[in-house]
Amino acid sequence: MRLKEARKSAGLTQKEVAAVVGVNQNTYSYWENGKTKIDSESLAKLSELFGVTTNFLLGKAPCKTTVDSVNDKPAVPKSKDTAISIHH
């Protein structure tokens, strides 16, 4: 689990995160330290809170974001001054 990494990156305390998710601090601490398993609903809330994928939090993906979120941004900025012509 990468809960601690994500929480620290967000600049939040365990108490703050627990309040957002709706659990007590001890429950969140157990999740963060791997003492108990996290339920899917809470995992989804944490994913949204931290702006990362659930797979990232679970340690199954190296990237914090989804391909879709990357695809929402153009690879090359559109510019009125740039013209591309294709010659056959």
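Select Lys 45 and Glu 41 to start: their side chains meet in a salt bridge, with N and O 3.8 Å apart. By salt bridge we mean a side-chain nitrogen of Lys or Arg within 4 Å of a carboxyl oxygen of Asp or Glu. What you are viewing is a predicted model, in which local features need pLDDT of at least 70 and side-chain atom pairs count only at pLDDT 80 or more, while totals for chains, interfaces and linings use all residues. Residues are numbered from 1 along each chain as its sequence is written, and side-chain values use heavy atoms, leaving out hydrogens and water.

**Stop 1: helix α4**

Lys 45 and Glu 41 both sit in helix α4 (residues 40-50), and because they are four residues apart, about one helical turn separates them. (Helices are DSSP runs of H or I with at least four residues, strands are runs of E with at least two, and both are numbered from the N terminus.) Glu 41 is exposed, with a relative accessible area of 54%, whereas Lys 45, at 35%, counts as partly exposed. Here buried means under 20% relative accessible area, exposed means over 50%, and partly exposed lies in between, using a 1.4 Å probe and protein chains only.

Now color Ser 42, Leu 43, Leu 46, Ser 47 and Phe 50, the buried residues of α4. Look down the axis of α4 and they fall within an arc of 140 degrees, so they line one face of the helix. (The arc is that of the directions from the helix axis to the C-beta atoms.) Turn to the other side of α4 for the exposed Glu 41 and Glu 48. The cover over the buried residues of α4 includes α1, α2, α3 and α5 (54-57).

Asp 39 caps the N-terminal end of α4, with a side-chain oxygen 3.3 Å from the backbone nitrogen of Glu 41. After α4 comes Gly 51, with a positive phi near 70 degrees.

**Stop 2: the second salt bridge**

Searching the whole structure gives two salt bridges. For the other one, pick Glu 32 and Arg 7, whose closest N and O atoms are 2.7 Å apart. This pair links distant parts of the chain: Glu 32 is in α3 (residues 25-32) and Arg 7 is in α1 (residues 3-10), 25 residues apart. Are these two buried or exposed? Both Glu 32 and Arg 7 are buried.

Gln 14 is buried, with a relative accessible area of 16%. Its side chain makes a polar contact with the side chain of Glu 32, at 2.8 Å. (A polar contact is a pair of N or O atoms within 3.5 Å; within protein, one must be able to donate a hydrogen and the other to accept it, and residues adjacent in sequence count only if both atoms are side-chain atoms.) Leaving aside neighbours within four places in sequence, Gln 14 is in contact (heavy atoms within 4.5 Å) with Arg 7, Gln 25, Tyr 28, Ser 29 and Glu 32.

**Stop 3: helices α3 and α1**

In α3, highlight the buried residues Tyr 28, Ser 29, Trp 31 and Glu 32. Seen down the axis of α3, they span an arc within 160 degrees, so they line one face of the helix. Among the elements covering them are α1, α2 (14-21) and α4. Asn 24 caps the N-terminal end of α3 through a side-chain oxygen 3.0 Å from the backbone nitrogen of Asn 26.

Move to α1, where Leu 3, Ala 6 and Arg 7 are buried. They cover an arc of only 100 degrees around the axis, which puts them on the same side of α1. These residues pack against α2, α3, α4 and α5. The face turned away from them carries the exposed Lys 8 and Ser 9.

**Last stop: the whole chain**

Zoom out to see six helices and zero strands. Buried residues make up 25% of the 88 residues. Then color by pLDDT, the predictor's confidence in each residue, from 0 to 100. The chain averages 81, and 70% of the residues score at least 70. Confidence is highest in α3, at 98, and lowest in helix α6 (residues 67-71), at a mean of 43. Over residues 67-85 the pLDDT is below 50, and beyond near neighbours in sequence this stretch has one contact in the model. Where pLDDT is low, the predicted coordinates should not be read in detail.
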